[in-house]
Amino acid sequence: MNYSAFQPLTYIYQPTPGAMRTLLLLHGTGGDERDLLPLAAHFGSDFNVLSVRGNVQEGGMPRFFRRLGMGVFDEADVVFRTHELADFIGKVAAQEGFDPAQIIAVGYSNGANIAGGLLMLYPGLLAGAVLWRPMQPLVQEVPAFETPRPVPVYFAAGQHDPTVRPAATEAYAALLAQGGYQLTRRDAPTGHNLTQADLTGAVAWMAANFPAA
């Protein structure tokens, strides 16, 4: 991996005095580092917040990695950008002074997919993850992975999501479970859009798995 080719990522960091854990906010296509900030407060006041903008542009819209078409990812770029994000997390944790072992990703759509890249390529990195409308980011060459510690994952697919086949969703959920992730699955009776029920479910999951100290 050519680490010299990594680009810095634009981010917003909001520290919380005494917080042990950090929410890593990862937007969907066309969002930016401000996109998910309004949702972070719903998870409580016991988290630092690190919100990141993807480095890839698609028609002027930020993304975390390139795609070749709707639902077809440039998987070489997925791998590169996942390594780039992991490298960034380590550097910004040292710079901002938060614990890199206590990061919980909260990603929507493309953001959920780059979080999935971290789950597959860096199974020891995240303490947990919220995946809203996820797709498996690597399918051509699926890496072997196993979590070194219990890692809860909230997996929220849309039952009528036109961007992903139901069979692909089932296979991805099974793959993460086989890798040792503790999945809580809550399929929503909707499409690709994020709903209030998605937020409510994720907040309840967060409170159960990462209670206030």
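A salt bridge here is a side-chain nitrogen of Lys or Arg within 4 Å of a carboxyl oxygen of Asp or Glu. The model is predicted: local features need pLDDT of at least 70, side-chain atom pairs count only at pLDDT 80 or more, and totals for chains, interfaces and linings use all residues. Residues are numbered from 1 along each chain as its sequence is written, and side-chain values use heavy atoms, with hydrogens and water left out.

The structure holds 13 salt bridges.

**Stop 1.** Select Asp 87 and Lys 91. Their side chains meet in a salt bridge, 3.1 Å from N to O. Both sit in helix 2 (residues 75-96), four residues apart, so about one helical turn separates them. Helices are DSSP runs (H or I, at least four residues), numbered from the N terminus. Asp 87 is partly exposed at 22% relative accessibility, while Lys 91 is exposed at 56%. Buried means under 20% relative accessible area, exposed over 50%, and partly exposed in between (1.4 Å probe, protein chains only).

**Stop 2.** Now select Arg 66, Asp 74, Asp 77, Arg 81 and Glu 84. Salt bridges with shared partners join these residues into one network.

**Stop 3.** Go to Glu 58 and Arg 67. This salt bridge has its closest N and O atoms 2.8 Å apart. Glu 58 is partly exposed, at 25% relative accessible area. Arg 67 is partly exposed too, at 23%.

**Stop 4.** Finish at Arg 34. What does Arg 34 form a salt bridge with? The partner is Asp 32, with the closest N and O atoms 2.7 Å apart. Asp 32 is buried, with a relative accessible area of 19%.

Conventions:
Helices (H or I, at least four residues) and strands (E, at least two) are DSSP runs, numbered from the N terminus.
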